[in-house]
Amino acid sequence: MLDAAVQVLRAEGAARFTTARVAERAGVSVGSLYQYFPNKAAILFRLQSDEWHQTSELLREILEDRRQPPLERLRTLVHAFLRSECDEAEVRMALGDAAPLYRDAPEADAAREAGSLIILDFMREALPGLPQETIARTADLIETTLTQVGSRFSETQRAEQEIAAYADAMADMFGAFLTQLAGKVG
């Protein structure tokens, strides 16, 4: 049913997204759909929640892999994140249009917070010795820049080469910033 919901979002957008269309695409009755999801907001929230959890797992997998130095992990993350944003742009934009239906749910705050904590923990590792206020601000700046730029960049269809070049530039920018901050220690 969730795959059918994604297909409906891609084909028709959030404005025309209905439980009836999802049920039809999934080949089930609306009553069967309602056994799992009481309304369209519940379907959309589940899709968004799954996306948030996937993003958190991507962050965790890359940023907690201590076999690589921090700046290399950050570069890997930027590449993976931009590629993911471009791959999922249609669904993400449709979910964004439907955000008023689920944006203020407590579960939404918890899902967003999970990703923020992963980035904050990474910054604590990457910038030891700096004041916690500086580390928190840096984590917020990088997270905000990554998500806002990723969202805007992915609004247009991009070739793999263009995604890689943009990700390299963003990773270089982040790396220079972290290197400059790390130089302030001591």
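Ala-182 counts as partly exposed, at 35% relative accessibility. I start with this residue, which is found in helix α9. Along the chain, Ala-182 and Ala-139 are 43 residues apart, and their C-alpha atoms are separated by 14 Å. Please keep in mind throughout that this is a predicted model.

Now the overall picture. The protein has 9 helices and 0 strands. Read from the N terminus, the order of elements is α-α-α-α-α-α-α-α-α. Taken along the principal axes, the C-alpha atoms fill a box of roughly 65 × 35 × 30 Å. The protein has 186 residues, and buried residues make up 40% of them. As for contacts, take those with a separation of 6 or more: residues 24 or more positions apart account for 66% of them.

How many aromatic pairs does a search of the whole structure find? The search finds 1. A pair of aromatic rings is described by the distance of the centres and the angle of the planes. Here the rings belong to Phe-153 and Tyr-166, with centres 4.1 Å apart. Their planes are at 25°, under the 30 degrees that counts as stacked, so this pair is stacked. Phe-153 lies in helix α8, residues 132-153, while Tyr-166 lies in helix α9, residues 160-182. The two are 13 residues apart, and the pair links distant parts of the chain. Tyr-166 is partly exposed, with a relative accessible area of 38%.

On to helices α4 and α5. Two packed helices are described by the angle between their axes and the distance between the axes. Helix α4 covers residues 40-63 and helix α5 covers residues 70-87; their axes come within 9 Å and cross at roughly 155°. An angle over 145 degrees counts as roughly antiparallel, so α4 is roughly antiparallel to α5. The crossing in which α4 passes α5 is right-handed.

Which residues make the contact? From α4 there are Glu-51, Thr-55, Leu-58, Leu-59, Ile-62 and Leu-63. From α5 there are Arg-73, Leu-74, Thr-76, Leu-77, Ala-80, Phe-81 and Glu-85. By type, the residues of this contact divide into 8 nonpolar, 2 polar and 3 charged.

Helix α4 also holds Ser-56. Is Ser-56 buried or exposed? At 6% relative accessibility, Ser-56 is buried. Setting aside residues up to four places away in sequence, Ser-56 touches Ala-111, Ala-114, Gly-115 and Ile-118.

That brings me to Ile-118, which is found in helix α7, residues 106-126. Ile-118 has a relative accessible area of 5%, under the 20% cut-off, and is therefore buried. Apart from neighbours within four places in sequence, Ile-118 is in contact with Ser-56, Leu-59, Arg-60 and Leu-63.

To recap the main points: the protein has 9 helices and 0 strands. The aromatic pair of Phe-153 and Tyr-166 is stacked.

Key:
Residues are numbered from 1 along each chain as its sequence is written. This is a predicted model: local features need pLDDT of at least 70, side-chain atom pairs count only at pLDDT 80 or more; totals for chains, interfaces and linings use all residues. Side-chain values use heavy atoms; hydrogens and water are left out. Axes are lines fitted to C-alpha atoms, for helices over the stretch in contact, and angles run from 0 to 180 degrees between N-to-C directions. Helices (H or I, at least four residues) and strands (E, at least two) are DSSP runs, numbered from the N terminus. Angles under 35 degrees count as roughly parallel, over 145 as roughly antiparallel, 65 to 115 as roughly perpendicular and the rest as oblique. A crossing is left-handed if the near helix is turned anticlockwise from the far one by less than a right angle, and right-handed if clockwise. Contact means heavy atoms within 4.5 Å. Ala, Val, Leu, Ile, Met, Phe, Trp, Tyr, Cys and Pro count as nonpolar, Asp, Glu, Lys and Arg as charged, and the others, Gly among them, as polar. Buried means under 20% relative accessible area, exposed over 50%, partly exposed in between (1.4 Å probe, protein chains only). Rings of Phe, Tyr and Trp (its six-membered ring) pair if their centres lie within 6.5 Å; planes under 30 degrees apart count as stacked, over 60 as edge-to-face and the rest as tilted.
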